[in-house]
There are 2 protein chains.
Amino acid sequence: MDTEKYSAGPCPIARALIRMGDAWSMLILRDAGYGATRFDQFRTSLGIAPNILTRRLTALVEHGLMEKRRYCQQPPRDEYLLTPSGRDLLPVLLALGAWGRRHCGAGPTSHAVDAETGAPIEPVVVDRTTGRLVQDIPQRIVIPA
Amino acid sequence: MDTEKYSAGPCPIARALIRMGDAWSMLILRDAGYGATRFDQFRTSLGIAPNILTRRLTALVEHGLMEKRRYCQQPPRDEYLLTPSGRDLLPVLLALGAWGRRHCGAGPTSHAVDAETGAPIEPVVVDRTTGRLVQDIPQRIVIPA
């Protein structure tokens, strides 16, 4: 993939995909959203090879979705925290998960509930101004000159 | 990635990622959402090598996001159409694009507008029942037993 072309091109979906990385990266962000911060937490949760995890974490830091913070000087130990940009991606992952529940196989799935009321959360994508489901809006794409 | 583990596991985000594929697949779905149906349309739009495009289209068909339909018998020619499952993913891509506009670099980007009113569409992820932005809801994950 010509990452330079897509990274600076006019399509914001392509720009996002370049920075977000692959499925591993998205699962790392998912786990970070659930509170994981340390290398071993990600490694255990994902069953991912250490060298692959290192590469993905480094890329997420380079792309500004996570930041690396030293939490112990001796021995040196780092943790990985979501940046505001990374945190802002979590609702998109929840919307993706809602799609996964609707379309991806049988068997029970995990789901998010309101921590205060226990009510299930069903993420849907709407237009901020009108509140309409975006799938119900007839659309046209405006491409910058 | 252990696709079998994730494909049938309880996390619907992981299930989705396995089926949705990589960045190329998501850009193919994006183009299909904009009306592309034919191999050469995808190839030209994406600047993707034919063998890679073939593999991605085949995987999208296998995973039920697109269907292949013969539109010409002589010579044999196929087109690729979004299934309801594939179409249902487009709002998630729009939400991803909105994130891309907020966080991924400078320079003008394309954006969707209401085809009837011309008003810009700003996709956000909310809870269907309450209409609250999911990022504002304190959450807890329920994992099936």
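This is a predicted model: local features need pLDDT of at least 70, side-chain atom pairs count only at pLDDT 80 or more; totals for chains, interfaces and linings use all residues.

Now for what goes into the contact. Chain A puts in 69 residues and chain B puts in 69 residues. On the side of chain B that touches chain A, the elements giving two or more residues are helices H1 (3-8), H2 (12-20), H3 (23-33) and H6 (84-103), along with strands S3 (111-114), S4 (123-127) and S5 (139-142), all of chain B. H6(B) supplies the largest share of that side, with 16 residues. By residue type, this side of chain B splits into 40 nonpolar, 15 polar and 14 charged.

Strand S4, residues 123-127 in chain A, pairs here with its counterpart: five bridges link S4(A) and S4(B) in the antiparallel sense. To pick out one of the bridge pairs, look for A:Asp127, whose partner in S4(B) is B:Pro123. S4(A) is also mostly covered, with four of its five residues buried.

From there, move to B:Ala95. If you skip its neighbours within four places in sequence, B:Ala95 contacts B:Pro123 and B:Val125 in chain B, plus A:Val92, A:Ala95 and A:Val125 across in chain A. B:Ala95 turns up again in the largest nonpolar core, which has 76 residues. Within that core, the residues touching the most other members are Val92, Leu93 and Ala95 of chain A and Val92, Leu93 and Ala95 of chain B. In soluble globular proteins, nonpolar side chains tend to be buried together.

The chains also pair through other strands. S5 of chain A (residues 139-142) runs antiparallel to S3(B), joined by four bridges. You can find this pairing from A:Gln139, which sits opposite B:Asp114 in S3(B).

For context, step back to chain A as a whole. Chain A has six helices and five strands, in the order α-α-α-α-α-β-β-α-β-β-β along the sequence. Its C-alpha atoms fill a box of roughly 60 × 45 × 30 Å along the principal axes, and 37% of its 145 residues count as buried.

Helix H3 of chain A (residues 23-33) is worth a look too. Because 10 of its 11 residues are buried, H3(A) is largely enclosed by the rest of the structure. Among the buried ones are A:Trp24, A:Met26, A:Leu29 and A:Arg30. After H3(A) comes A:Gly35, with a positive phi near 115°.

Chain A also has a pairing of its own: S1(A) (residues 66-72) and S2(A) (residues 77-82) run antiparallel over six bridges. A hairpin of four residues joins S1(A) to S2(A), and A:Cys72 stands opposite A:Arg77 in S2(A).

Terms used
Residues are numbered from 1 along each chain as its sequence is written. Chains are lettered from A and ligands numbered from 1 in the order in which they are written. Two residues are in contact if their C-beta atoms, placed from the backbone, lie within 7 Å. Ala, Val, Leu, Ile, Met, Phe, Trp, Tyr, Cys and Pro count as nonpolar, Asp, Glu, Lys and Arg as charged, and the others, Gly among them, as polar. Two strands pair if DSSP finds at least two bridges between them. A nonpolar core is a set of buried Ala, Val, Leu, Ile, Met, Phe, Trp, Tyr and Cys residues joined through C-beta atoms within 7 Å. A residue is buried if 20 or more other C-beta atoms lie within 10 Å of its own, exposed if 12 or fewer, and partly exposed in between; C-beta atoms are placed from the backbone.
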